[in-house]
Structures are given as C-alpha cells and as structure tokens.
Amino acid sequence: MAYFKADYIYLISQPPLKNGIVQTTSEGEVIRLFNEEQSEAVEPSEVSYYRGVIVPGFVNSHCHLELSHLQGKIPEKTGLAAFIKEIQKIRECPVEIIEEETLRWQENMLSNGIVAMGDVCNGTHSITAKQKYLLHCHNFIELFSFNPAKAEESLQLGKTLLQQFKALENKDPHKFFTSSISPHAPYSTSAALIKKIAYLPESSAFTVFIHNQESQAEDEMYLHGEGDFITMLHDFNISTKRWEKQEQSSLLSVASWLHQQTKMLWVHNTFSKEHEVLQTMNKVPNSYWCLCPSANLYIENTLPNFSIFKTIPDRVCLGTDSLASNHQLSILDEMKVINNTYAIDFETLLKWATINGAKALGFDSVIGSIEPGKTPGLNLLVGLTDELYFNNHVTVKKLI
Ligand SMILES: [Zn+2]
C-alpha cells in the first residue's frame with residue numbers, strides 16, 4: 001500500500017481534492033481517495049507528501065514510433081507536401097536502429113508521465129520493442145492506396161499486418177494491446193478503401209484514425225482539383241486521372257463515406273472549420289479530435305483554431321505525431337504550446353491530456369482518471385502558480 005498526498009489531486013472525473021490523499025496498491029491500483037478532513041485519519045508516517053498537484057498519467061493519442069530514427073533530420077516549416085517527399089527519401093534504415101530507437105522513446109515517454117499511446121504502424125519494425133509492454137498501446141495499421149482499383153488488395157495487405165500485431169494481444173494481462181486498420185489521409189487513400197475500412201465489423205469497436213486537414217493543400221485538392229498534393233502525387237508517379245474534385249471539403253467528404261457507428265479519431269484538424277467539425281459530429285457521433293500542435297508548427301508553421309475544440313471539450317485529445325516532425329514526444333509540451341497561444345483553463349487541458357485520449361483509444365476503464373479500481377499512473381506537476389495557472393515552467397515527475 002502507498003499513500004500519495006499533494007496540494008491538489010486532480011481526479012478528472014470529479015472536482016480536485018485539496019490536501020487530499022490517494023491510496024494505491026504497490027501495483028498502482030487506486031484503492032481509496034481521502035479528502036482533507038478524512039486524510040487526518042491516515043497515519044502520517046505512511047504518507048508521501050508532495051508540493052504541487054497530482055494528475056493521472058498522460059495519453060499520447062497519436063505517434064509514429066517507427067519514425068523515431070528521423071529526429072532532427074527533416075527541415076522545419078517547409079509545408080506538408082515537401083515534408084512527405086523528404087520523409088519518403090530518408091525513412092529507410094536498418095531495422096535494428098529502428099527497434100533501438102522505438103524502445104528508447106517508449107522509455108522516454110514513460111519517464112515523462114505518458115502511460116498509453118496510439119501508435120501508427122506501416123510495418124513490423126516496432127513489434128519487437130512493443131513486446132516489452134511498457135505502455136498501453138493501440139496500433140493503427142496505416143494503409144495508403146490512391147488507386148480505387150487496388151483498394152481490396154491494399155486492405156488484404158493491411159489484414160495480414162493486423163494479424164501479426166493481434167498475435168501479441170493478451171500477452172501481458174496488465175496492459176492493453178489492441179490494433180485496427182486505418183487510412184493514412186484523404187489525399188493518399190481512395191474513397192473505396194476508406195469505405196472498406198469503415199465498414200469492417202471491428203471499425204465500430206476499435207478506433208479508426210485518419211490525418212485530417214493538416215495542410216490547406218488537402219482542400220485545394222478536394223474542392224478545386226489542384227494544388228500541392230496533386231503535384232506531389234504526380235511526383236510519386238501516382239495517376240490522378242480517376243480523381244474527381246468533390247463538392248465538400250475533405251473532412252465532410254470522408255465523413256460521408258464512413259459508417260455512422262465508426263469510432264473515428266481525426267488527427268491534426270489544423271485547417272478544419274467550425275461548421276465542418278460540428279457537421280461531422282452529427283454524421284459520425286463517435287468522433288474524437290486529436291491535436292498535435294508542435295508538429296503543426298514544425299511542418300506548416302501554423303496551429304488549429306483551438307476555439308472550435310473548446311466547444312466540444314469532451315472529444316479532444318492530444319498527440320505528439322512523430323519525431324520526424326517534433327523535437328520530443330511530450331504531452332506536457334503539447335499542453336504548453338496550446339496554453340501559450342490560447343486561453344484555456346487547466347482542467348480542460350488536463351482532460352485533453354488524459355481521459356479523452358483514454359476514451360478515444362478505448363482504455364478508459366483502466367486509465368485516464370484517478371478513481372478506485374483504475375490503474376491510471378500518477379504524475380506530479382510542479383510549477384503551477386498559486387492560483388493553479390498552467391504555464392511554461394511546469395515540470396512533470398512520474399510518481400507511479
Ligand atoms: Zn501522424
């Protein structure tokens with residue numbers, strides 16, 4: 001048994017406890033919560049007291065561990081089309097190096113208070129390192145295929161890869177390890193393939209993700225049939241002869257191709273407009289919105305319109321994207337980027353960093369909030385102001 005006391009404990013599912021105590025087993029399962037009055041009954045010598053606030057472990061809802069060897073290799077602020085061309089040029093690397101970096105960055109995330117991740121997989125390079133089961137993990141098996149005639153072939157390749165990841169499920173009873181097939185982006189995946197993925201029986205149970213409106217070029221392609229992505233596809237020798245511009249933006253087009261029950265994680269949303277997000281919530285109600293602001297600054301030097309997402313605060317989560325487009329994999333740093341540019345209260349920001357990501361990945365029965373029966377991990381945040389304002393000086397220490 002262990003007793004953790006802090007100036008405040010942010011439970012997430014209930015109001016914070018001032019001078020409260022959280023009691024856990026040695027494995028980190030929350031047993032009981034004590035408010036200030038009740039905490040006097042606990043033997044003081046058994047209590048570890050911390051100045052600061054205790055919060056649940058963070059969730060990184062979107063990363064690409066298999067790109068961890070690309071840290072610092074791609075120039076910043078060149079735009080998404082140039083970024084993708086560069087990544088295709090330099091992503092090949094001996095598998096041993098990718099495995100080593102994948103393990104190192106999982107350990108890094110863990111030590112920075114992250115307990116779960118939604119990790120994108122194009123192949124099996126991350127499988128060896130994931131067998132350490134350091135974090136709860138949902139693997140997004142990512143498919144690209146712009147040619148609608150190849151949709152079925154691409155789906156079958158995805159299913160083969162999916163089976164390799166599914167074979168690792170339930171090897172550690174204490175960690176979630178789930179997997180699903182997902183399309184890469186509206187500009188790289190045909191409508192035929194997106195529909196096939198959405199209508200897979202498991203796509204209502206497990207989350208499907210897509211990179212959404214990360215660049216203005218995506219809607220230039222969808223609405224006007226031109227722009228940087230059309231040029232990029234031609235540069236990759238991909239024919240756009242069968243491509244027809246759409247009547248709606250990429251977000252609304254993709255939403256119209258999904259099943260109403262699809263559990264969807266829209267990632268980036270940098271150029272999404274409010275009416276598009278709200279219409280999508282009507283069409284695909286089980287939608288979550290993952291923001292990766294550091295990657296948006298790295299690639300496009302812009303940020304999403306955060307005010308849209310404050311109107312749906314229970315559906316927003318945070319991700320780091322990959323080390324090809326970020327200097328670190330830190331949810332605390334993503335919170336700082338948002339807080340630096342937009343007035344947002346600390347409790348909402350914390351929900352985005354914890355329970356909402358846990359819900360988006362399907363892990364909220366165990367993590368995301370401090371509640372008896374859960375094993376959420378406990379982080380100590382130090383450096384908030386006396387009025388509990390989040391700021392750039394806040395640091396995180398993993399307690400359990
Ligand atoms: Zn990504």
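**Figure 1. Packing of the buried residues of helix 2 against helix 7, helix 8 and helix 11 (293–299) in the predicted model.** Helix 2 spans residues 80–90, and its buried residues are L80, A81, F83 and I84. These residues cover an arc of only 160° around the axis, and therefore lie on the same side of helix 2. An α-helix has 3.6 residues a turn, so residues three or four places apart point the same way.

**Figure 2. The face of helix 2 turned away from its buried side.** This face carries the exposed residues K89 and I90. The buried side, by contrast, comprises L80, A81, F83 and I84.

**Figure 3. Crossing of helix 7 (residues 216–224) and helix 8 (residues 228–235).** Two packed helices are described by the angle between their axes and the distance between the axes. Here the axes come within 7 Å and cross at roughly 85°. Because angles of 65 to 115 degrees count as roughly perpendicular, helix 7 and helix 8 are assigned to that class. Helix 7 contributes A217, E218 and M221 to the contact, while helix 8 contributes D228, F229 and I230. By class, four residues of this contact are nonpolar, two are charged and none is polar.

**Figure 4. Contact between domain 1 and domain 2 of the protein chain.** Domain 1 consists of residues 2–55 + 382–398, and domain 2 of residues 58–367. Their C-alpha centres are 33 Å apart. The contact involves 10 residues of domain 1 and 14 residues of domain 2. On the domain 1 side, eight of the contacting residues are nonpolar, one is polar and one is charged.

Notes
Residues numbered from 1 in each chain as written. Predicted model: local features only at pLDDT ≥ 70, side-chain atom pairs only at ≥ 80, totals over all residues. Axes fitted to C-alpha atoms, helices over the stretch in contact; angles between N-to-C directions. Helix = DSSP H or I, 4+ residues; strand = E, 2+ residues; numbered from the N terminus. Parallel < 35°, antiparallel > 145°, perpendicular 65-115°, else oblique. Contact = placed C-beta atoms within 7 Å. Nonpolar A, V, L, I, M, F, W, Y, C, P; charged D, E, K, R; others polar. Buried ≥ 20, exposed ≤ 12 C-beta atoms within 10 Å, placed from the backbone. Arc of directions from axis to C-beta. Domains from an automatic or database assignment.
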